[in-house]
Structures are given as structure tokens and as C-alpha cells.
Amino acid sequence: MDTQTYPLNALTQRPMAMYHSWDSQNAWLRQIHTHNYLFVNPRTAEANGFGDGDWIWIESPINKVRCMARFSEAVEPGTVWTWNAIGKAAGSWGLSPKANESQKGFLLNHVISEELPPCEAGEHMSNSDPVTGQAAWFDVRVRIYPAEAGEPEVTSPQFKPQKRVPGQDPKRGKWQAFVAGAFRKKAKIQE
Amino acid sequence: MTQLALVIDLNVCVGCHACVTSCKEWNTSGWAGPLTDQRPYDADPTGVFFNRVQTYEAGVFPNTETYHFPKSCLHCEDPPCVPVCPTGASYKREDNGVVLVDYDKCIGCKYCSWACPYGAREFDEQQKVMKKCTLCIDRITDMSLPESERKPACVLACPTRARIYGDIHDPDSEVSVAIREQGGYPLQPEWGTKPSNHYLPRRKTRIQIHEDELVRVDNPLKKEALPTLPEAGETLDDVAW
């Protein structure tokens, strides 16, 4: 691992109000946290040339994620962290594809490798604890830099919105079929 | 006169929002409900909450502290939101000092939210009336409930017992004792509103361990007259405090 290129440790935590993604699509809980930030010490941010609330890239050897930075004096300058329970794929968890969770929230999972770099022990070693099988999270090395001026102000990567599952859309009676277009619009049924 | 109030201990609040959700759960279906939501599953959801927790940081790394600050109506003894109300919808109860809004009289002019220096008022965009913390008036005055449950929902929900409820005019009540003995303070007393809710300050807690405390008195190695542990080799097991 080139610690000169990737000088920072990246950690994840849960916010106190919810655990994992379980039920965080709840109408009240998502008003408490609709999206997450990458918490960065102001000194680290200054050295990397971005400000509080700016769009930045966080990059590990395998992938990169675009997200928003939030200054925090409660984080050690060599570490960045975020809540890893808020970000969701567009349209997932029954939320609208425009929900903040998918547009401003992000998951750090994209920068974490499933496998260790090839070493003497083997080509495909799982990036997990050998005894318990618990996925390794806390040894991710990253670098951060500001997003370009013209980049869209949404998190990256973005995926095609998930299809709505049966039962999620309002039911439409058969008799409405002959004016289907009008009723689809009224019932806010999306294509 | 009785003045019911909350005392919130900032030293133990961990910011879990259990008070926020339990408040909404009780009040949305109770006397003061509904607490409506806008765009609940879409972009930028918002809604009415009687109780909110704000989190902020103080200090510079490494001497940083994170504060979780639960905020709701302070049920002021001289509430500025009451005299500004043009319809008399906003009132303070004579018997227990709780500040309430009569939704039937409220015309949604928002004068009270301009007058409140604490931002405690919550305007319902759907019903177009002003709402606020009622101190769970439909719980605390419900004589059909056992006395242990005649408390606001947030107090019953708090897992760290950071919220205490009682009469601040009774010098022997739990809240009065806490304010007196733990330095409880009101918010922005310079406004002359005499807030009833008080906050207990953060305290610095440091563990003080002396050398002799690092060796356990009942260390089994001692009892069996075995050689004592090496000087630098104390384990967590040997620590007693």
C-alpha cells in the first residue's frame, strides 16, 4: 500500500438515531438524517484545497466516490469518516429516485475492496477477518481532493433508479383503463 | 403555583433522538396532533417536530467536545408568545404553567414564532396553525394513567435518563434539587422570559488513579504468596477504581 499517495485513514460509523439501513427510510427518521457528509478536520481540508460543504472526491486504490465535506474538529487530521447508513441507491427502499439519500448521501463501500491486494498468501484473499469473517472496514487508505468546478452536484457513483416493486404504486381499477393516461398522471404513477 | 418543566442533563445526552421520535409518536396521534410531514419519501422531507436535537462541536482538536442539545418549548414563566397572539389562541395554563395553543382559535399569523427567542414554535404547513410542545399535556393530566406514566413521552423514552420532569416551584422536587445542586441554568435569561426548562451543564470527568490503586487488594497472586507482578506489567485485571 502506497501510504504517500493515500495518506488518510477512512472510517465509518453509525449515527445515533439509526442503525444500518434498517428502517431508515422511515418518514420521521429520514427527517433527522437525509444525507451524510465526509467529516474532515479543517486542517486536512485546507491542505487539500477545499472548504466546508464543498463537493470532493474520496479515492482509494480501487475506486472513488464524490461526496460533500463537513468540517469537524472532533476528527483526527489523519482520518476522515462518515455515517455509513444513510446513502442509498436511487429508487431503493421505497424512496423517490430524487430522495436526498441517493443524490447527496453516499456509501463508502465503493472504495473498499472485497479482496486484499495479491500477496505471498494468494491471489484472491478475502478482505475480512480470518477468524470471524467480519468484513474489514477500518484499514481503508484514501486521498481526498476537491471536485472540478463544472461537475454535477450529486454524489457519484450514480446508478439507474431501481424498479418499483409490485404493490408500491397506487392501485388502478380496470374501468380507468380507457382514460389511463389521465389517471396515471393523477395517481402520480411513474413510467 | 405549580410550574411544570423539564430539566435536561447535557452531560449524559448522547444524541440518540429517542425523545424526538417518541414525542412525535405520542403527539401525532394525541391531543396536539397530527404532526404533519411534507414530502416524507421524496427530496428534502420536512415536518412538524415538537422536540429536536441539535448537535454541535466546541473547541479545537484534540480538545474537542461534541454537544447534543435537545430543544423544545421552554414553557417560560413570562412567555413572549402569549401577549402577541391576536386571537388569544396562545395561552399559559394557570394551574400548571404549561404554554399551549388552541388550534381552533389560531389563524396561523406566526406572530408567536417571531416573538419566541428560542425558535420553539412549529408551523404546520398543512393545517396552517401553529403547534408546539405541550409537555404531553394529555399524558401528564390523565388521571387514568398510573402515576409513574404521568410524564411526558420524551422523559419516559430517554435511555440515559438525561431528562427529568417536575415542578420547579416546589423546592423539594427532583428538578429543583437537580437545578440547585448541579448548576442548572436557563437559556438566554437576558430576554427576561424566565424559561422554566433548565439545562444541566457538561462536567469534566477525569479518572484519577494512584499507584497503589493499580494493584488489586485481593489479587490471588498475593494470597498464595506467589511472586508479585513485575512493576510495569499491570493488566486491566489489576486496576481497581
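A salt bridge is counted where a side-chain nitrogen of Lys or Arg lies within 4 Å of a carboxyl oxygen of Asp or Glu. The coordinates belong to a predicted model.

**Exercise 1. Salt bridges**

Determine how many salt bridges the structure holds over all chains, and characterise the one that Glu122(B) forms.

Solution. 
- Step 1. Over all chains, the total comes to 10 salt bridges.
- Step 2. The partner of Glu122(B) is Arg52(B), and their closest N and O atoms are 2.8 Å apart.
- Step 3. Glu122(B) belongs to strand E8 (residues 122-124) of chain B and Arg52(B) to strand E4 of chain B, so this pair ties together parts that are 70 residues apart in sequence.

**Exercise 2. A hairpin in chain B**

Describe how strand E4 and strand E5 of chain B are joined, and examine the residues between them.

Solution. 
- Step 1. Strand E4 (residues 52-58) and strand E5 (residues 65-71) of chain B run antiparallel and are joined by seven bridges.
- Step 2. Arg52(B), which also takes part in the salt bridge with Glu122(B), has Lys71(B) in E5(B) as its bridge partner.
- Step 3. Six residues lie between the strands of this hairpin, and Gly59(B) takes a positive phi near 90°.

**Exercise 3. An open sheet and its helix**

Give the strand order of the open sheet in chain B that contains E1, and locate the helix that lies across E1, E10 and E11.

Solution. 
- Step 1. The sheet has three strands in the order E10-E1-E11 (chain B), with mixed pairing.
- Step 2. Strand E10 (163-167) and strand E11 (198-200) of chain B are the edge strands, each pairing on one side only. From one strand to the next, the twist averages 25°.
- Step 3. E1(B) and E11(B) run parallel and are joined by three bridges; Val7(B) has His198(B) as its bridge partner in E11(B).
- Step 4. Helix H5 (residues 174-181) of chain B lies across E1, E10 and E11 of chain B, at about 115° to E10(B).

**Exercise 4. Nonpolar cores**

Identify the residues that touch the most other members of the largest nonpolar core, and list the elements that give two or more residues to this core.

Solution. 
- Step 1. The core comprises 49 residues, of which Leu6(B), Phe50(B), Leu135(B), Ile140(B), Tyr165(B) and Tyr199(B) touch the most other members.
- Step 2. Two or more residues come from each of helix H1 (29-32) of chain A and, in chain B, strand E1 (4-9), helix H1 (18-28), strand E7 (99-101), strand E9 (129-131), helix H3 (137-140) and helix H4 (153-157).
- Step 3. Beyond residues up to four places away in sequence, Tyr199(B) has contacts that include Ile8(B), Leu10(B), Phe69(B), Leu74(B), Tyr185(B) and Leu187(B).
- Step 4. A second, separate core has 19 residues, among them Leu8(A), Ala45(A), Ile56(A) and Phe106(A).

**Exercise 5. Chain A as a whole**

State the order of elements in chain A and the share of its residues that is buried.

Solution. 
- Step 1. Chain A has four helices and six strands, which run β-α-β-α-β-β-β-α-β-α from the N terminus on.
- Step 2. Of the 191 residues in chain A, 41% are buried. Its accessible surface is about 11100 Å², with 55% belonging to carbon and sulfur atoms.
- Step 3. Of the contacts in chain A between residues at least 6 apart in sequence, 72% join residues at least 24 apart.

Definitions and conventions
Residues are numbered from 1 along each chain as its sequence is written. Chains are lettered from A and ligands numbered from 1 in the order in which they are written. This is a predicted model: local features need pLDDT of at least 70, side-chain atom pairs count only at pLDDT 80 or more; totals for chains, interfaces and linings use all residues. Side-chain values use heavy atoms; hydrogens and water are left out. A nonpolar core is a set of buried Ala, Val, Leu, Ile, Met, Phe, Trp, Tyr and Cys residues joined through side-chain atoms within 4.5 Å. Buried means under 20% relative accessible area, exposed over 50%, partly exposed in between (1.4 Å probe, protein chains only). Contact means heavy atoms within 4.5 Å. Two strands pair if DSSP finds at least two bridges between them. Axes are lines fitted to C-alpha atoms, for helices over the stretch in contact, and angles run from 0 to 180 degrees between N-to-C directions. Accessible areas come from the Shrake-Rupley method with a 1.4 Å probe; for residues, only the protein chains shown count as cover.
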